[in-house]
Amino acid sequence: MNHLHYARETINMAEQALDKLSQTLDNTFNQVVELILTCEGRIAISGVGKSGLIGQKIVASLASTGTPSFFLHPTEAFHGDLGMLKPIDVVILISYSGESDEVNKLIPSLKNFGNKIIALTSNKDSTLGKHADYVLDIAIEREACPNNLAPTTSALVTLALGDALTVALIYARDFKPIDFAKFHPGGSLGRRLLCRVKDQMQTRLPITLLSTSFTDCLTIMNEGRMGVALVMDNNKLQGIITDGDIRRALTSNGTATLSKTAQDLMTRNPKTIHQDEFLTTAETFMKENKIHSLVVINDQNEVVGLVEFSS
């Protein structure tokens with residue numbers, strides 16, 4: 001049996017279904033996005049079976065990108081979870097057929113509460129479609145399942161529509177990476193985006209004077225283990241000596257470099273960054289300027305640290 005044949009057939013069917021979804025989206029999608037943007041409460045999403053699982057993923061995507069959302073299990077809703085809803089919440093109900101009994105049983109209560117209902121269904125004339133305020137069509141030609149039964153292609157289309165809503169809302173809210181990090185403080189991305197220069201900078205600084213000899217400069221740079229030395233005069237930054245400065249001096253002057261001082265070797269007016277800037281800003285700045293170390297200053301323009309970036 002050629003398993004690859006069925007795999008490719010499944011993927012091709014998914015591609016065709018997604019293309020159809022893209023082509024059939026209409027102004028209702030815009031209206032739904034505007035409704036969510038103006039929602040003063042939260043977005044509740046409900047579905048049963050595979051639709052419920054897809055709904056939970058959509059909830060996670062919306063919540064992590066600035067749209068407060070929660071999943072309402074239709075069965076649990078009848079045993080007290082309806083109390084989670086407020087009239088200002090918008091409810092998204094997912095049912096491919098539009099006739100899922102567990103989902104449709106919610107409709108009278110939602111109407112009574114005054115919640116706006118968005119339906120994700122393949123049948124606008126279904127019970128769900130007729131009672132919803134907005135209907136987003138998730139109809140497909142057939143499931144990838146050879147029996148046309150197991151939710152496969154339809155599940156993917158529903159998921160894609162949820163992602164489309166999420167991304168449209170990201171653009172509408174001008175949701176930035178720093179906003180994303182606020183909702184993901186435990187992840188590596190969150191730590192990077194929320195971390196400030198002062199949290200990562202080296203405060204034990206390799207400092208030389210203008211008159212420091214070449215050999216002493218090398219010793220200070222080696223002890224600092226950052227490949228740089230800061231040249232100071234009366235507690236004011238005069239320049240920076242890097243490994244590159246040393247190599248260029250040796251290439252140009254040969255053994256004569258041994259008689260040089262820090263003042264002869266340093267690069268004047270080194271680039272600096274404020275200690276309260278985000279670490280990602282420092283990393284971007286160093287990439288753009290092709291440097292691996294950056295002098296950190298405070299409000300008084302005093303040198304307080306060094307920050308490194310390894311590409």
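Strand β1 pairs with strand β2 (residues 69-71) in the parallel sense, over three bridges. The model is predicted. Five of the five residues of β1 are buried, so the strand is largely enclosed by the rest of the structure. The largest nonpolar core has 27 residues, and β1 is among the elements that give two or more residues to this core.

**Strand β1**

**Nonpolar cores**

- In the largest core, the residues that touch the most other members are Ile-43, Ile-45, Ile-92, Ile-118, Leu-120, Leu-136 and Leu-161.
- The elements giving two or more residues to this core are α1, α2 (27-38), β1 (43-47), α3 (50-64), β3 (90-94), β4 (116-121) and α8.
- A second, separate core of 17 residues includes Val-91, Leu-106, Ala-119 and Ala-132.
- Leaving aside residues up to four places away in sequence, Ile-92 touches Ile-43, Ala-44, Ile-45, Ser-46, Ile-118 and Leu-120.

**Helix α1**

- Helix α1 (residues 3-24) has 22 residues and reaches 32 Å from its first C-alpha to its last, close to the 32 Å expected at 1.5 Å a residue.
- Asn-2 caps the N-terminal end of α1, with a side-chain oxygen 3.1 Å from the backbone nitrogen of Leu-4.
- Met-13, Ala-14, Ala-17 and Leu-21 are the buried residues of α1.
- Seen down the axis of α1, these buried residues fall within an arc of 100°, so they line one face of the helix.
- An α-helix has 3.6 residues a turn, so residues three or four places apart point the same way.
- Arg-8, Ile-11, Glu-15, Gln-16 and Gln-23 are exposed on the other side of α1.
- The packing partners of the buried residues of α1 are β5 (134-137) and α8 (153-173).

**Helix α8**

- The 21 residues of α8 should span 30 Å at 1.5 Å a residue, and the end C-alpha atoms are 30 Å apart, which agrees.
- The buried residues of α8 are Thr-153, Ser-154, Ala-155, Val-157, Thr-158, Leu-161, Gly-162, Leu-165, Thr-166 and Leu-169.
- The cover over these buried residues of α8 includes α1, α2, α3, β3, β4 and β5.
- Ile-170 also lies in α8, and this residue counts as partly exposed because its relative accessibility is 25%.
- Not counting residues up to four places away in sequence, Ile-170 touches Thr-65 and Phe-175.
- From Ile-170 to Arg-268 the separation is 98 residues in sequence and 44 Å in space, C-alpha to C-alpha.
- Asp-174 follows α8 and has a positive phi, near 55°.

**Ser-95**

- Ser-95 sits in the loop between β3 and α5 (101-104).
- With a relative accessible area of 1%, Ser-95 is buried, since the cut-off for buried is under 20%.
- The side chains of Ser-95 and Ser-100 are joined by a polar contact of 2.7 Å.
- Residues up to four places away in sequence aside, Ser-95 touches Ser-51, Ser-100, Leu-120, Thr-121, Ser-122 and Leu-128.

Technical notes: Residues numbered from 1 in each chain as written. Predicted model: local features only at pLDDT ≥ 70, side-chain atom pairs only at ≥ 80, totals over all residues. Heavy atoms only, no water. Helix = DSSP H or I, 4+ residues; strand = E, 2+ residues; numbered from the N terminus. Expected span 1.5 Å × (residues − 1). Buried < 20%, exposed > 50% of the residue type's maximum accessible area, 1.4 Å probe, protein only. Arc of directions from axis to C-beta. Contact = heavy atoms within 4.5 Å. Polar contact = N/O pair within 3.5 Å; in protein donor to acceptor, adjacent residues only side chain to side chain. Core = buried A, V, L, I, M, F, W, Y, C linked by side-chain atoms within 4.5 Å. Pairing = 2+ DSSP bridges.
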